[in-house]
Amino acid sequence: MAKNNSKDFLASVKGLDVDGLKAKIAEDELRLRKLSFAHSVTPVENPMTIRALRKDIARLKTVLRSKELGLA
């Protein structure tokens, strides 16, 4: 099931340009900081969302880097 989610995520992201990817990365990093802070104050209901968000950011950065290198 996780494989389909990552494929859907990558398919939706590949249509973005470099500026769109950078904006999405910045937005998700801000959301991750807020979520991590909230988790340190009071535990989040589902801490796996933090892990999933970190993985999404890594996927975004990978797609961004491949576009910068001209591979995608």
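**Notes on helices α2 and α3**

1. Helices α2 and α3 lie roughly antiparallel to each other, a label for angles over 145 degrees. This is a predicted model, where local features need pLDDT of at least 70 and side-chain atom pairs count only at pLDDT 80 or more. Residues are numbered from 1 along each chain, and side-chain values use heavy atoms, leaving out hydrogens and water.

2. Now the geometry behind that label. Two packed helices are described by the angle between their axes and the distance between the axes. Here the axes of α2 and α3 (residues 48-69) cross at roughly 160° and come within 10 Å; axes are lines fitted to C-alpha atoms over the stretch in contact, with angles from 0 to 180 degrees between N-to-C directions. α2 passes α3 in a left-handed crossing, meaning the near helix is turned anticlockwise from the far one by less than a right angle.

3. Who touches whom? Among the α2 residues that meet α3 are Leu 21, Ile 25, Asp 28 and Leu 32, and their α3 partners include Leu 53, Ile 57 and Leu 64. Contact means heavy atoms within 4.5 Å. The residues of this contact split into eleven nonpolar, three polar and nine charged.

4. Those four α2 residues, Leu 21, Ile 25, Asp 28 and Leu 32, are also buried (under 20% relative accessible area, with exposed over 50% and partly exposed in between, using a 1.4 Å probe and protein chains only). Glu 27, also in α2, counts as partly exposed because its relative accessibility is 47%.

5. A quick length check: at 1.5 Å a residue, the 24 residues of α2 (residues 18-41) should span 34 Å, and the end C-alpha atoms are 35 Å apart, which agrees. The expected span is 1.5 Å times one less than the number of residues.

Definitions and conventions
Helix = DSSP H or I, 4+ residues; strand = E, 2+ residues; numbered from the N terminus. Parallel < 35°, antiparallel > 145°, perpendicular 65-115°, else oblique. Nonpolar A, V, L, I, M, F, W, Y, C, P; charged D, E, K, R; others polar.
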